[in-house]
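I opened the model today to look up the ligand site and a few backbone angles. My notes follow in the order in which I checked things.

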Amino acid sequence: MNTKLSDLRTPSLLLDLDIMEGNLHRMASHFRHGKVRLRPHFKNHQVLALAAKQVEAGAIGITCARIEHAEALVSHGIERVLIANEIAGERMVREFIELSRRSPVIVAVDNAKTIADMARRAGDRAKNINVVVDVDLRLKRCGVAPGAAALSLAQFVLEKGLNFRGLMGYPGSFRMVPGPEKEETVRSVLGPLVDTRKLLEGCGIPVEIVTCGGTGDYSISRTLEGVTEIQAGSYLLMDSEWAKSGTGFQPSLSVLVTVINKTGAERLVANVGVKGLSCEKGFPEVRGNPGLRVRDVNAEHTLIDILDPALAPEIRETLELWVRYLDPTVQLHDRMYGIRNGAVETEFKIER
Ligand SMILES: Cc1ncc(COP(=O)(O)O)c(C=O)c1O
C-alpha cells in the first residue's frame, strides 16, 4: 500500500500490526500443545482477514454471535464456525439451515421452540444441523440452568434428530476479579458446566465439545478437566480499558484524529466524537502524550485539556486516541488501517 499516515482521512481507525501480532502469537502459544483448543470470537474485530490469521496461527475455527457474520466467515473459507448465541424466529432459523448446507456451522440453543423450529425446517437433513446446548453460568443472559435442565434440553435435541455436539457456557468477564481470587472464582463459576458434561455422559450422551472462556479467564478455564475449547476474543486487539486488567495483552487500536482547534495553552479540540469512538467505558487517553487529557467527548468533537503546553500539538497536526472500548468502536467504522513503522501497510474491511 502506498498510503502514508498523513494521507488518511481523519478520524480513521488504526491497528498497530506489531502489537496485534504480539497478541496473536502470545495467545496461540498457549494452545499449541494439549487437548484444549482456541476458537476465537469474531465480534471484537469483525475483520475476515484477522480471523484467517487466527486460524493460520492454530485456532480450530472461529466463534461469532450473528448469522450474517457466520455467513461471511464461511464465504471467506473459514471452517468450523460456531455461533455462540441463540437464534430465534423463522428467518434466522431458515438462514441457519441454509448455511448448514454449505458448512457444518454450530449454533447455541437454550429453548425447545427454536430446536423444534430447526428440526421442522431441516426435515430429513436434521442430522446435519449442529447444536451445542448453552448453559447459564450465573450471567443470567441466555442459556438453561446447568444440570437437569441442560440434560433434558440435550435429550430434546436428540429426540428431534439434530446433531448434539456438546455444551457451551459463557460466564461473563472476570477481568475485574482481583488476581488471587480469580482462579477460585473461575473454577466455581465453570464447575457446573463440566459437571453437566459428566451428567450427560453418565446418561450415555456423548459430549464432544465444551466451549467457554474469554480473555480474562482463558489461562484458568483451559486447565479445567472437561473443557475442550476457549472462545476468547478481545485478546487480539484489546482496548486500553481491558489492558489495565493485567492479562498481558496490549492495546493495538487507536483513532487517528486532527487537531481542529487550539485555544491558547488551555485546550485542543479533535475531530472525533462518540460517532467514531465509543466512550461507554470512559474517555480515551491520548497515545504517547502525557501532556494532554481528554475532558469530554461530544457527538463529533473531543475536548482535550492541555496539561503541558510543551507537548501540545498545533492545529492541523494529528493525534492518536486509544480505543477504550473495542467492540462498539469497531462497529462505527468501515475499515481499519494496519500500521507498521509509522506507515500504512494494509487496509482491513470491517464486517458490519
Ligand atoms: C459468548 C461469548 N464468548 C466469548 C466472548 C469473548 O470474551 P472476551 O472478549 O473476554 O475474550 C464473549 C464476549 O463478550 C461472549 O459474549
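**Ligand site and backbone notes**

I started with Arg141, where an N or O atom of the side chain is 3.1 Å from an oxygen atom of the ligand. I keep in mind that this is a predicted model.

Lys43 has a polar side-chain atom 2.9 Å from an oxygen atom of the ligand. For Gln231, I noted 2.5 Å between an N or O atom of the side chain and a nitrogen atom of the ligand. I then checked the area: the ligand taken alone exposes 390 Å², and the protein buries 91% of that.

I asked which residues come nearest to the ligand. There are 13 residues around the ligand, and the nearest are Lys43, Thr215, Gln231, Gly233 and Ser234. By type, I have the shell around the ligand as 4 nonpolar, 7 polar and 2 charged residues.

**Pocket**

Where does the ligand sit? The space that the ligand takes is the largest pocket. I wrote down a volume of about 570 Å³ for the largest pocket. Its lining has 33 residues, and those closest to the pocket centre are His41, Lys43, Arg141, Tyr170 and Asp327.

**Backbone**

I then turned to the backbone. Most peptide bonds are trans, and most residues other than glycine have a negative phi. I looked for exceptions and logged two entries.

The peptide bond from Thr10 to Pro11 is cis, and I read its omega as near -5°. Pro11 belongs to the segment before strand S1, which covers 12-16.

Gln46 is not a glycine, yet its phi is positive, near 55°. I placed Gln46 in the loop that runs between strand S2 (37-38) and helix H2 (48-56).

Technical notes. Residues are numbered from 1 along each chain as its sequence is written. This is a predicted model: local features need pLDDT of at least 70, side-chain atom pairs count only at pLDDT 80 or more; totals for chains, interfaces and linings use all residues. Side-chain values use heavy atoms; hydrogens and water are left out. A residue is near a molecule or strand if one of its heavy atoms lies within 4 Å of it. A polar contact is a pair of N or O atoms within 3.5 Å; within protein, one must be able to donate a hydrogen and the other to accept it, and residues adjacent in sequence count only if both atoms are side-chain atoms. Accessible areas come from the Shrake-Rupley method with a 1.4 Å probe; for residues, only the protein chains shown count as cover. On a 1 Å grid over the protein atoms alone, a cavity is a set of points where a 1.4 Å probe fits but cannot get out, and a pocket is an open set with protein on both sides within 12 Å along at least five of seven lines; lining residues have an atom within 4 Å of a point. A molecule sits in a cavity or pocket if more than half of its atoms lie within 2 Å of its grid points. Ala, Val, Leu, Ile, Met, Phe, Trp, Tyr, Cys and Pro count as nonpolar, Asp, Glu, Lys and Arg as charged, and the others, Gly among them, as polar. Grid points are joined across faces, edges and corners, and a volume is the space filled by probe spheres set on the points. Helices (H or I, at least four residues) and strands (E, at least two) are DSSP runs, numbered from the N terminus.
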